[in-house]
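Good morning, everyone. Please look at the sheet first, then at a pair of helices.

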Amino acid sequence: MVNTVIVGTGDLAYALAHLYHINNTADSGHFLEVTKASIPQKGATFHETLVPLIPLDDALEHADVVILAIPGNALKTFIPAHVMVLKDKILVDCSNSDRNGEDLDSLIRSTGIRFVKAFNDLGAVDILANKATGKKKSVTKMCSSETKGALEVVRRLAEQSFGLDVKVVPYEHYREISRAQNTIGKEWIHSIYIMLITFVLTEFYAAWRYNVEKGYAWFHLPIQVTNKAICWTALTGFALTQLPGVIARISNLFRSTNLNGYSRTLKWALTIRKNLGILSLWFLGVHIIMSLLLMNPAYYGKFYVDPTANHSKMNVTGETSFFFAILGAMFYFILGLASLPSIGANMTNAQWQLIYGPLAWTALLFGTSHVLIMGVKGWADQGKWPGGLPPITLTSTLIPMLVIFLKQVEVALTFVMGLFGSHASKVKDNELNQIRSLIYEGSMQMQQQGKGNESGNESDDTHESGDSQLTSSTVGFNHTTGDVETQAAYVEDKV
Ligand code: HEM
């Protein structure tokens, strides 16, 4: 039997006691108690979990495993105060601090006391929503520096009594595990920076072009003008998510490399694609809402048959531009849905390739077409560009068009190299067929030899004739190319 005590009565302690309550069975061999300094006597239970509340000294005395569900900075005082009773126990560090002196690694690593980093990545509110009847397990990470089985004991406790799915990670990641809970992740941070910088630059450009140069009233800045920066940012973000994949594929064509062979920048760009895509989707959503709010001839006369009327039907520009806009937007929503873990995890590789391949490219193509259709006519009239600033339909499509162009280069190169590849593979197929024939003939020869030996014929003669037949049949195959001849001679040796 393993006696476990949770020190602390905060959210994490409550969550673990709840897990124990809904998962632990009598035959698990585990027994759980909760304690803290101010519990005077036995008898009470911890909320509705039915886990007994025990006075601190008693609880520590008979515990095998001590889960320290107290703040990192409290460890500095708790450990020295109870070191004599704790020294033979397995301690569990649940702190999220990576400051020296606020985790067990920095406090007791060299003392020989066994400890495991665990449970710090559990969200208490999420855990409390778990039910005994639920099918899903929460995943948690743990690690330990020692080899005397402490990790195994805590892992079994987590799996059997708390119903958790445990991922054990190497000890080098101890700090990373603590730190991970205090950051939103570098992929998000970098993507947010990229999108924010893009938005600030495009907003500045839009305000300059429309409010300053074109004389739009400043009260149009929040929606009419900002909408332009918002959709420009969305389109740029979508294009940037596609760019690293194309560069990687083009480089694969020439260097037949794998992830490891890519430059650091390319690897980094590949890792932030999903985050960039989700942020771009947010910008697209805002663009659609803002656009729908303004969708009338007074704001967007160029999309209507009669721009001066209160109500007018759309003209060909409006209908075609929004046809591509709506299809493109819906494709992007599918991409967004597929990025949800609950959906993405159940997708096959082929489904994944389809959605993040042809569908993603079609979405980018349609989004770009939506803008080109509405704006390309006005590009030539440079004299009318306010303050000499090119229209946003032009500036916003430069990066997407470059990315689409690179994709076309990749497709063309793949096709051309495929032609050479298929020639090379035909040559290889021929060689393989010849090799198979040689092996077949060789084995027939062996069989004949075997039969000869069995029937008592003179074995030397048979062996000689076998060799010569093999050689002549080999030569028989060697009349096509010089290459094949060499290959055949090599194979003959092998056979
Ligand atoms: C793939 C999805 C889409 C992308 C990437 C996208 C992007 C863009 C871009 C870059 C512009 C040019 C802004 C300018 O020249 O000022 C634009 C304009 C516009 N888009 Fe979209 N858009 C998308 C979908 C939609 C949808 C679904 C709607 C419908 C509500 C829409 C409504 C508009 C409107 C009304 C304009 C004109 C804005 C203006 O001139 O101020 N867009 N869009």
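Four bridges join strand E5, residues 65–68, to E6, and the two run parallel. Strands pair if DSSP finds at least two bridges between them. Helices (H or I, at least four residues) and strands (E, at least two) are DSSP runs, numbered from the N terminus.

A word on the source. This is a predicted model: local features need pLDDT of at least 70, side-chain atom pairs count only at pLDDT 80 or more, and totals for chains, interfaces and linings use all residues. Residues are numbered from 1 along each chain as its sequence is written.

Back to E6. Val-92 in E6 is the bridge partner of Ile-67. E6 also pairs with strand E7, residues 114–117, in the parallel sense, over four bridges. There, Asp-93 stands opposite Lys-117.

Are the faces of E6 covered or uncovered? Both are covered: Ile-90 and Val-92 on one side, Leu-91 and Asp-93 on the other, all buried. Buried means 20 or more other C-beta atoms within 10 Å of a residue's own, with C-beta atoms placed from the backbone.

Now the whole sheet. Seven strands form an open sheet, in the order E2-E1-E5-E6-E7-E8-E9, with mixed pairing. The edge strands are E2 (30–35) and E9 (165–168), each pairing on one side only.

Last, the helices. The axes of H9 (221–255) and H10 (264–271) come within 8 Å and cross at roughly 135 degrees. Axes are lines fitted to C-alpha atoms, for helices over the stretch in contact, and angles run from 0 to 180 degrees between N-to-C directions. H9 and H10 are therefore oblique to each other. Oblique is what remains after under 35 degrees (roughly parallel), over 145 (roughly antiparallel) and 65 to 115 (roughly perpendicular).

Note on methods
A residue is buried if 20 or more other C-beta atoms lie within 10 Å of its own, exposed if 12 or fewer, and partly exposed in between; C-beta atoms are placed from the backbone.
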